[in-house]
2 protein chains.
Amino acid sequence: MTSPPRAEPVVTDDLAGWIAARRRAVEDALDRAMPAETTWPATIHAAVRYSLFAGGKRIRPLLVLAAAEAVAPPGLDGAAEAMPLACAVEMIHTYSLVHDDLPAMDDDDLRRGKPTSHKVYGEAIAILAGDALLTRAFHLMADIPADAANDTVRRRLSAGAVLGEAAGTRGLIGGQVLDLESEGRTIDASTLERLHRAKTGALLSACVRGGAILAGASAADIERLEAYGAAIGLAFQVVDDVLDGTADAAALGKTAGKDEAAGKATYVSVHGLDRARAVADGLLADAHAAIAPFGERARILAGLADMIVRRRS
Amino acid sequence: MTSPPRAEPVVTDDLAGWIAARRRAVEDALDRAMPAETTWPATIHAAVRYSLFAGGKRIRPLLVLAAAEAVAPPGLDGAAEAMPLACAVEMIHTYSLVHDDLPAMDDDDLRRGKPTSHKVYGEAIAILAGDALLTRAFHLMADIPADAANDTVRRRLSAGAVLGEAAGTRGLIGGQVLDLESEGRTIDASTLERLHRAKTGALLSACVRGGAILAGASAADIERLEAYGAAIGLAFQVVDDVLDGTADAAALGKTAGKDEAAGKATYVSVHGLDRARAVADGLLADAHAAIAPFGERARILAGLADMIVRRRS
């Protein structure tokens with residue numbers, strides 16, 4: 001079985017415009033949410049900003065905002081309601097990269113084409129920068145004007161709980177533990193899926209679920225978006241494995257073939273390249289099916305799913 | 001100038017009974033808040049529990065509960081309202097110890113008389129165990145029944161914001177950065193106070209302030225408790241410095257004289273032993289003055305302040 005030719009990612013002008021505008025809004029909000037590099041203690045704020053503004057694609061914040069906008073009732077600015085979570089998930093994603101890159105963990109020198117935090121600031125500050133990003137993420141979720149409406153306060157707390165669950169030992173952290181324990185060992189397909197659902201899928205699902213909660217979605221809508229989030233969450237990592245096995249370092253901005261060299265199981269090593277691609281395509285179809293009931297309101301979510309699964313880096 | 005004879009700590013039967021009962025309640029709540037060691041992924045839950053149940057004195061949770069009980073109106077169980085924060089501050093305190101002990105930071109082998117987390121579980125798991133404790137702390141604050149009253153939800157979010165501020169770069173993390181940067185250098189008295197207020201004082205103040213918020217305290221009462229918290233927060237660290245310079249490893253459960261050996265500035269190295277003790281006594285008097293308006297309602301808070309400042313280890 002050989003791979004069919006892959007279609008280029010379809011990014012319509014409409015989607016591209018939405019992404020550009022929302023990325024700018026996220027950059028501004030992240031900038032406002034973090035003390036300046038000159039604020040005491042300057043070292044830690046410089047280190048935090050170095051990693052937070054290192055050219056990330058902001059996929060997670062975009063998913064938060066797209067989910068909120070898809071379900072927000074007329075008159076409610078879904079993106080504004082969901083922006084604290086959009087920032088928080090990017091901070092948590094960034095903290096996890098900073099800690100994962102440490103010498104005691106994956107020992108990576110390069111991230112997004114730049115030296116990793118500990119190479120620039122030393123291990124101690126890199127550990128604390130990760131801690132600071134994680135702390136600020138939850139602080140931001142709790143930071144709300146005293147005169148906010150009861151519904152707003154409730155949704156904030158609820159989205160905070162979703163984030164806490166996804167970032168915890170049954171999500172992001174559990175996935176990293178399983179990843180470390182799997183190194184150099186043969187793991188089966190179900191363990192690999194569990195690893196990816198925890199390490200990458202949990203936080204991506206939380207983006208969609210949390211964004212929907214903050215915009216006041218119904219339980220039924222949250223469930224639909226949850227299914228979309230679970231599918232693209234896993235697809236994201238399958239595509240990551242495919243790219244790690246096929247792309248070069250310049251395109252990825254990190255060391256290509258690193259997982260293979262470290263003896264890590266990937267979708268490619270377990271299933272082969274063609275099957276891994278087929279799995280990603282199947283998950284993409286699942287994602288589209290889950291949000292079909294939303295119709296036109298979900299066009300951005302649909303476009304983001306295509307973009308994630310068809311990406312080249 | 002020589003030190004006057006120090007009075008033994010006065011722990012009345014009333015205070016001792018309160019402490020014993022609340023410690024049991026905190027241990028139970030912490031146990032319920034953390035997955036069992038057998039829960040997947042077992043390694044991380046074992047590591048988290050190893051450090052969380054290592055014989056800590058639970059000073060911070062006790063302050064949370066005492067503050068809540070001092071201000072709770074008749075009919076409200078202050079301790080029950082404040083228990084999630086009591087657990088959260090102990091988790092955050094524990095995470096900060098686990099990360100501070102890492103080889104890249106203070107490189108400590110012994111903590112509370114036991115090998116440190118990274119000596120037992122390795123550096124990677126110790127880093128992740130700290131991350132897990134920090135994440136679970138904020139998760140716990142956000143975890144509330146869907147039918148909780150609006151006031152309860154608001155107080156939870158507000159206490160979460162207090163905790164986030166205290167644990168962040170202008171509190172706990174900032175203090176640790178300043179501590180690292182001060183190693184082997186001469187720092188002046190005001191920098192030392194800033195360091196301690198951030199590294200230890202911020203979280204201790206947050207215990208008192210957050211506990212009061214969760215029990216529905218008035219703004220005026222919160223301000224009084226804030227002053228009490230700031231005084232004992234700094235006093236705690238001054239006494240720590242005095243003990244580090246005078247006690248032995250067996251009593252402290254950690255390496256005595258470590259700060260001096262590392263060339264770290266302490267209240268003793270900057271002010272001398274007698275002056276450091278006088279500073280602690282002055283802060284204790286400030287703490288008592290701040291809570292005097294509460295009268296009998298603050299007897300536990302008063303007793304805890306005495307216990308913290310007069311402690312021997």
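Visitor: How many residues does the contact take from chain A and from chain B?
Guide: In this predicted model, two residues count as in contact if their C-beta atoms lie within 7 Å. On that basis, the numbers taken are 42 residues from chain A and 42 residues from chain B.

Visitor: Which element gives the largest share of the side of chain A that touches chain B?
Guide: The elements that each give two or more residues to this side are α2 (42-52), α6 (123-142), α7 and α8 of chain A. By class, the side has 22 nonpolar, twelve polar and eight charged residues. The largest share, twelve residues, comes from α6(A).

Visitor: As by what kind of axis are the two copies related?
Guide: Chain A can be laid on chain B with an RMSD of 0.0 Å. The superposition takes a turn of 180° and a shift of 0.0 Å along the axis. The two copies are therefore related as by a two-fold rotation axis.

Visitor: What percentage of the contact residues of chain A recur in chain B?
Guide: The same surface serves both copies. The share of chain A contact residues that recur in chain B is 100%.

Visitor: Against which elements of chain B do the buried residues of α8(A) pack?
Guide: Helix α8 (residues 172-182) of chain A is mostly covered, with nine of its eleven residues buried. Among the buried residues are A:Leu172, A:Ile173, A:Val177 and A:Leu180. Within chain A, the buried residues of α8(A) pack against α4 (78-100), α7 (150-167) and α9 (189-214). In chain B, their partners are α2 (42-52) and α6 (123-142).

Visitor: Which residue with a positive phi follows α8(A)?
Guide: The phi of this residue is near 75°. The residue that follows α8(A) is A:Gly184.

Key. Residues are numbered from 1 along each chain as its sequence is written. Chains are lettered from A and ligands numbered from 1 in the order in which they are written. This is a predicted model: local features need pLDDT of at least 70, side-chain atom pairs count only at pLDDT 80 or more; totals for chains, interfaces and linings use all residues. A residue is buried if 20 or more other C-beta atoms lie within 10 Å of its own, exposed if 12 or fewer, and partly exposed in between; C-beta atoms are placed from the backbone. Helices (H or I, at least four residues) and strands (E, at least two) are DSSP runs, numbered from the N terminus. Ala, Val, Leu, Ile, Met, Phe, Trp, Tyr, Cys and Pro count as nonpolar, Asp, Glu, Lys and Arg as charged, and the others, Gly among them, as polar. Copies are superposed by least squares on the C-alpha atoms of residues with pLDDT of at least 70 in both.
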